[in-house]
Protein chains: 2
Amino acid sequence: MFISEGAARKLLKEAGAKRVSKEAASEFQKHINRYAFDVGQKAVKLAEHAKRKTVTDSDIKLAAY
Amino acid sequence: MFISEGAARKLLKEAGAKRVSKEAASEFQKHINRYAFDVGQKAVKLAEHAKRKTVTDSDIKLAAY
């Protein structure tokens, strides 16, 4: 996993959460990991599509928005 | 920052990137951090809306999809 459950819990606290259930931290962790991997894979495909071996910031921008 | 630039670069490699530019790693890091914070804040607002002090997995699911 890219992001730990502890890091996910910490971010929720920073976003204003008074308390965070164990299941919420786990669900948040899973969601962010899945999302990040999906955007990452899309960026890799965009670089391949442009016949590049290097993923550039333009690939990230196009994948993310 | 929730996620380091190094972690962002590592995830892009795991997603299949042969090479990753410095700017791509930085842009990816920024995007994931921003996204995670936005979802986190939305989950906190949903818990408050439901008059709860504890963020639960139902808040995360509703915020994320």
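Which residues form a positive surface patch? The close-up views below take up this and two other features of what is a predicted model.

**View 1. A positive surface patch with members from chains A and B.** Here you will find Lys13(A), Lys18(A) and Arg19(A) together with Lys53(B), and these residues form the patch. Lys13(A) belongs to helix α1 of chain A, which covers residues 5-14. With a relative accessible area of 41%, Lys13(A) counts as partly exposed.

**View 2. The aromatic pair of Tyr35(A) and Tyr35(B).** Over all chains, the count comes to one aromatic pair. The ring centres of Tyr35(A) and Tyr35(B) are 3.6 Å apart and the planes meet at 10°, so the pair is stacked. It is a pair that crosses between chains: Tyr35(A) sits in helix α2 (residues 22-49) of chain A, and Tyr35(B) in helix α2 (residues 22-49) of chain B.

**View 3. Lys51(A) and its positive phi.** Most residues other than glycine have a negative phi. Lys51(A) is not a glycine, yet its phi is positive, at about 60°. Look for Lys51(A) in the loop between α2 and β2 (54-55) of chain A. Lys51(A) is exposed, because its relative accessible area of 79% is over the 50% cut-off.

**View 4. Lys51(B) and its positive phi.** In chain B, Lys51(B) lies in the loop between α2 and β2 (54-55). Its phi is near 60°, a positive value in a residue other than glycine. Lys51(B) is exposed, with a relative accessible area of 79%.

Conventions:
Residues numbered from 1 in each chain as written. Chains lettered and ligands numbered in written order. Predicted model: local features only at pLDDT ≥ 70, side-chain atom pairs only at ≥ 80, totals over all residues. Heavy atoms only, no water. Patch = residues over 30% accessible without salt bridge, like charges linked within 9 Å, V, L, I, M, F, W, Y side chains within 5 Å. Areas by Shrake-Rupley, 256 points an atom, 1.4 Å probe, with all protein chains shown as cover. Salt bridge = Lys/Arg side-chain N within 4 Å of Asp/Glu carboxyl O. Lys, Arg positive; Asp, Glu negative; His and termini not counted. Charge placed at Lys NZ, Arg CZ, Asp CG, Glu CD. Helix = DSSP H or I, 4+ residues; strand = E, 2+ residues; numbered from the N terminus. Buried < 20%, exposed > 50% of the residue type's maximum accessible area, 1.4 Å probe, protein only. Phe/Tyr/Trp six-rings, centres within 6.5 Å; stacked < 30°, edge-to-face > 60°.
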